[in-house]
Amino acid sequence: MWSFFARDPVKDFAYELLPDSQEKSGIWTLHRGKRKTNGEPVSVFVYEVTQGTEQQTQLAKAAFKRMKTLRHPNILAYVDGLETEKSLYLVTEQVTPLAVHLKAQAEKGGSGELEVSWGLHQIVKALSFLVNDCHLLHNNLGVWSVFVDRAGEWKLGGLDHVVPEQGDPTGVSLPAPKAVYPEMEKYDPPEMPNSSGEKWAGEVWRLGCLIWEVFNGPLPRTSSLRSLGKIPKALVPHYCELVGANPRARPNPARFLQNSRAPGGFLSNSFVESNLFLEEIQIKEPAEKQQFFQDLSDNLDSFPEDFCKHKVLPQLLTAFEFGNAGAVVLTPLFKVGKFLSAEEYQQKIIPVIVKMFSSTDRAMRIRLLQQMEQFIQYLNEAAVNSQIFPHVVHGFTDTNPAIREQTVKSMLLLAPKLNETNLNQELMRHFARLQARDEQGPIRCNTTVCLGKIASYLNAGTRQRVLISAFSRATKDPFPASRSAGVLGFAATHNYYSVTEIAARILPTLCAITIDPDKSVRDQAFKAIKSFLTKLETVSEDPTKLADIGLRMNRHAAGASSSWAGWAVTGMSSLTSKLIRNAPGTEGGAAAEGSGPDNDTSPTSATDEAPAPGRVITVDLFDSCNIVGLTTDSFEMRVEIDAAEPEVLSFFIPKAELSKKKREERRKELEAKRAERKAAKGPLKLGARKLD
């Protein structure tokens, strides 16, 4: 029983000190620690009574008491504490001493002015709270009493010497800092302690010393304050007020804050404004929140990384979870997500994304689909198949064409993660309905293109059952670009067809569209026919090559398929590109309005001559097929086919090259027409006049 009362209370303490993690902080030793139950990181200030003097013990106990009673967002937050006969344990939020933080930032290239401006704003606000609201004097302000949390927020600590401005009513007086540490005398103001002046005169003087050390390093002597060093110009006038010789002229901390936040002041910038808004976001109007999150996305690039991860991200998640912020939080959310590790992304953002997919908000759904490439790599197959795909497929039947279009495009990213049932049954069912019944030509076209790109993920049975039927159906579509997509789908997936299927099913289909009304479709059909005939001819000449050709086709299939899919993924972010005007006599506005080097929507024509052996034929894939009110990404892409050896050599995106080529062809065509007109007029004789 007596052993129970003699138990060491430190062993029952809920926090554990991590080894080799101590830093000196005045009379305290700062340790990194963690909560024993959940591993939550904390900081633990430890004071050993047996190793300190009577004065130091008095200061430690005073600080322990103050930390329990003082609560402010900019003052170091008290979490827990333990007082024994031998030691004092003060547990706070996880922090780093400012001097250590500044040194680490200097090694990375130095703290930016935005970070310092917000840090000083926080310390001055904490000082104003003590002086004006609590009527307390800190008496120990300096680099050593400022700490930085994980988000880069500055917190005021070092409460060892805090006393009431009128003196302690109990008559107990704490020793001044220089009485404990003689080297602290250089931070004292030049006037006598009892001289006339405002109560905050000494506090703001030390604030000036803090500002000097933040920008210039440790203060060697009091006279060094006259040299500005690296203090920013916008801060110089206000700094000079703080360290002025006349104590009556030194501003109240609240006035210093107000002056520094005036237009052009050091504390007047987007970073400080964003932080102040985030602190009051719970009381802001919905319209103000919407506008803030829209502007925040542009500002995040200049904000410190730690601030984005530990302060902005929680606010974004909270705004979505409880504030009904909606789709507007997605863009800044994904920007901040780039700063996270894969584990942090899985833990913090993926659960929110999964929940967002179940939302009925159309704006959010289309934003998620457009930006899927930013987070698809973090989604595991189980989550995709059970929690995301069931919600995404509703987009195939949505009445909004833009959502149907983005849903089709998203399959390029989701297909590799879909299971057998979702990919080969559910998705094919929706693709068949869209391709056959959707009223928008570009969506039917996109469905055909997408099918060709995900063909490598389908099982062999599905490919045999679906591909030829789907591409054949596309060649009969009233929308010209869909017919081109069907032809090019055959070409891109040629390695999946046997010679029997080529001869009996594919070539008859392609031959039927050699009389298509649209020349671009006819051109693509002839090119595809030539490539398939070359393959058949090769096998006919030497039947033993059938197996070799099959192996060679399969070898190139992976590269061709991945490159084609890669093109589509890079175009996912664009929903609005060029528009095609409705033209009479074409379904869905298929005819393109305007032609020319910069507005050419027809594929490059090809010669009709038979390819020479070994010559590379370049087959240009169709350009953008867009219609008023609905746009798709550009399908500018080529496939090179060796005429002697019928195999796909490469798939690529010659967007700039293709435009340049078209401009050059157009220029040559105009020059040729100009020359023809000039030749038709005949030579002009000098001085000749036309007779009536």
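The end C-alpha atoms of residues 388-426 lie 14 Å apart. This span is 67% helix and 0% strand. Helices (H or I, at least four residues) and strands (E, at least two) are DSSP runs, numbered from the N terminus.

## Basis of the model

This is a predicted model: local features need pLDDT of at least 70, side-chain atom pairs count only at pLDDT 80 or more, and totals for chains, interfaces and linings use all residues. Residues are numbered from 1 along each chain as its sequence is written, and side-chain values use heavy atoms, with hydrogens and water left out.

## The five-stranded sheet

Five strands make an open, antiparallel sheet in the order E1-E2-E3-E5-E4. Two strands pair if DSSP finds at least two bridges between them. Strand E1 (15-25) and strand E4 (78-83) stand at the edges; each has a single partner strand, so one side of each lacks a neighbour in the sheet. On average, neighbouring strands are turned by 25° against each other, direction ignored. Axes are lines fitted to C-alpha atoms, for helices over the stretch in contact, and angles run from 0 to 180 degrees between N-to-C directions.

Helix H2 (residues 54-69) packs on this sheet. H2 touches E2, strand E3 (41-48), E4 and strand E5 (87-93). Contact means heavy atoms within 4.5 Å. The direction of H2 makes about 35° with that of E5.

## Strand pairing

E1 and strand E2 (residues 28-35) run antiparallel, joined by seven bridges. Here Leu17 has Gly33 in E2 as its bridge partner. E2 pairs with E3 over six bridges, also antiparallel.

E3 and E5 pair antiparallel over seven bridges. The bridge partner of Phe45 is Leu90 in E5. Six of the eight residues of E3 are buried, so E3 is largely enclosed by the rest of the structure. Buried means under 20% relative accessible area, exposed over 50%, partly exposed in between (1.4 Å probe, protein chains only).

## Cysteines

The disulfide count is zero, where a disulfide is a pair of cysteine sulfur atoms within 2.5 Å. Cys209 is buried, at 1% relative accessibility. Cys445 is buried too, with a relative accessible area of 0%.
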